[in-house]
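Welcome! Take a look at it first, and then read on by topic.

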Amino acid sequence: MNDLATYNFAYLDEQTKRMIRRAILKAVAIPGYQVPFASREMPMPYGWGTGGVQVTASILGPNDVLKVIDQGADDTTNAVSIRAFFQKVADVAVTTKTKDATIIQTRHRIPEETLKEGQTLVYQVPIPEPLRFLEPRETETRKMHALEEYGLMHVKLYEDIARNGHIATTYAYPVKVEGRYVMDPSPTPKFDNPKMHMSEALQLFGAGREKRIYAVPPYTEVVSLDFEDHPFEIQQFDKPCALCGAENVYLDEVVLDDKGGRMFVCSDTDHCEDRRAHGHAGQMLARPTQESQEAAE
Amino acid sequence: MAAQSQIYAGAFADPVFQAQSVFRALMDCFARPGTVASLAALASPPSPLGKASGAVALTLCDHDTPVWLSPALAKSAVPQWIAFHTGAPVTETKDDARFAFIERGGAVPSFDQFALGTQEYPDRSTTLVIEVEAFTGGQPLIAKGPGIKDETIIAPTGLPDLFLEFWTANRAIFPRGIDLLLAAGDAVLCLPRTTKLSLDENARDTGGKPPHTFPYPARKEA
């Protein structure tokens, strides 16, 4: 506890937390609308999840169990450092198990396991404005949201079709929330978009550099934009996970050698480990049991 | 001196963790409208402000948030209590206020007198804290919208007669509009501007009592 004495609980001072908490409540009340907030400098660079960290720090309490994932993995740099940060400044319990967590901070994935009531998913968002690459001026994008003028976004998707024959946007795929605001679901693969629709969990989005917080309450309509003749589709994978054999999950490609060898594995490490612990095995899973038995003999 | 000790006492004993627990209850209630949550930490503000409303003020108000108080609250020791414990300026102009507090039984002005936000910045609107008698026994209202699976029924006692009209007008100007926090005893019920309320037709015959099917009405088999 001596380490804690130099910081307020969860690093942020109380006035900052109140400011962020007020922004969160307004964000929940206007689903998909980006609430400006006075983002603070955090002891990590922009782009490392400062928005998500500030949201998590403001909602976190001593009874919470925190899980942090980076591209679905619990053991990559960003996830490990943010988890260690909250262990240090909030002395909070952490887990890698999706079902045990009350708060899950995520960079660019939604866990495969369906989230439940009482869980809160906190996204780290680099660019919260879905219209930013179409219209660089904040004054204009704000007016477009105010007037519900989203024709430009459909033109962008149409141009995808004209050039490629299909909608080529694969991540940060724009969604419409509760029939009103077009929202950037942060750079999650579009594979995850259907999980946001009518989720039982509260979803909060924090963008530190861009100073915006937005939210999707539970049981809220989240519809991916599409056309009648080009309906929204998620990615399909030819093979199941090479380690746990899971199908209908999002897979990462891992290059194995310089001769074109590769494998596809679950991006959600907890889901993959859980399946293997329950006896599921994929094609390339090493089975050490036989060899180690022989070695023992 | 009695008045003075009223002003200086009654805040959270453990501000960091108690404010966090109150905020989490409020966040869950705004995310799941119609849910009644008992606050784990309460304040003891001067009468006539209630314990739950006091806790909300301590959790969310500070020097950035002008507060409007109903005439009865403005006459009491509450303005000094809020000033001392939160630093929030008290305003007499309703549409300057980020938060507004109305004690139990106090007259509720129509919601469009408060800040409603703008089409560009709908978040710049007042959050109203209204104290009611209880969360049961009143006219049942069907609530639908984000955060509510299918529908739920709320039946607070002590709402103003014109409440449903105020609320329908507020819902009609979405995304602008106020957000509402009802407080009774140690509990709160939150209604974000997205929630649609309508009279429960089935409950009219029951003399204003909530139907037996609370909280989710049974569906008739097709």
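**How the two chains meet**

In this predicted model, 29 residues of chain B are in contact with 30 residues of chain A. On the chain B side of that contact, H2(B) gives the most, with 12 residues. Sorted by class, the side of chain B that touches chain A has 15 nonpolar, 5 polar and 9 charged residues.

**A helix pair across the chains**

- From H1(A), the contact is made by A:Glu14, A:Arg21, A:Ile24, A:Leu25, A:Val28 and A:Ala29.
- From H2(B), the residues in this contact are B:Pro15, B:Val16, B:Ala19, B:Phe23, B:Leu26, B:Met27, B:Phe30 and B:Ala31.
- By class, this helix contact has 12 nonpolar residues and 2 charged ones, with no polar residues.

**The nonpolar cores**

- The largest nonpolar core has 119 residues, and A:Ile24, A:Ala27, B:Leu26, B:Phe101 and B:Val188 touch the most other members.
- H2(B) supplies the largest share of this core, 9 residues.
- Leaving aside residues up to four places away in sequence, A:Ala27 touches A:Tyr33, A:Val35, A:Ile213, A:Tyr214 and A:Ala215.
- A second, separate core has 12 residues, including A:Phe191, A:Ala242, A:Ala246 and A:Tyr250.
- As a general background note, nonpolar side chains tend to be buried together in soluble globular proteins.

**A sheet in chain A**

- In chain A, 3 strands form an open sheet in the order E7-E6-E10, with antiparallel pairing.
- Strand E7 (181-183) and strand E10 (222-224) of chain A are the edge strands, each pairing on one side only.
- From one strand to the next, the twist averages 35°.
- Strand E6 of chain A (residues 175-177) is joined to E7(A) by 3 bridges, and the two run antiparallel.
- To see this pairing residue by residue, start with A:Lys176, whose bridge partner in E7(A) is A:Val182.

Methods. Residues numbered from 1 in each chain as written. Chains lettered and ligands numbered in written order. Predicted model: local features only at pLDDT ≥ 70, side-chain atom pairs only at ≥ 80, totals over all residues. Contact = placed C-beta atoms within 7 Å. Helix = DSSP H or I, 4+ residues; strand = E, 2+ residues; numbered from the N terminus. Nonpolar A, V, L, I, M, F, W, Y, C, P; charged D, E, K, R; others polar. Pairing = 2+ DSSP bridges. Axes fitted to C-alpha atoms, helices over the stretch in contact; angles between N-to-C directions. Core = buried A, V, L, I, M, F, W, Y, C linked by C-beta atoms within 7 Å. Buried ≥ 20, exposed ≤ 12 C-beta atoms within 10 Å, placed from the backbone.
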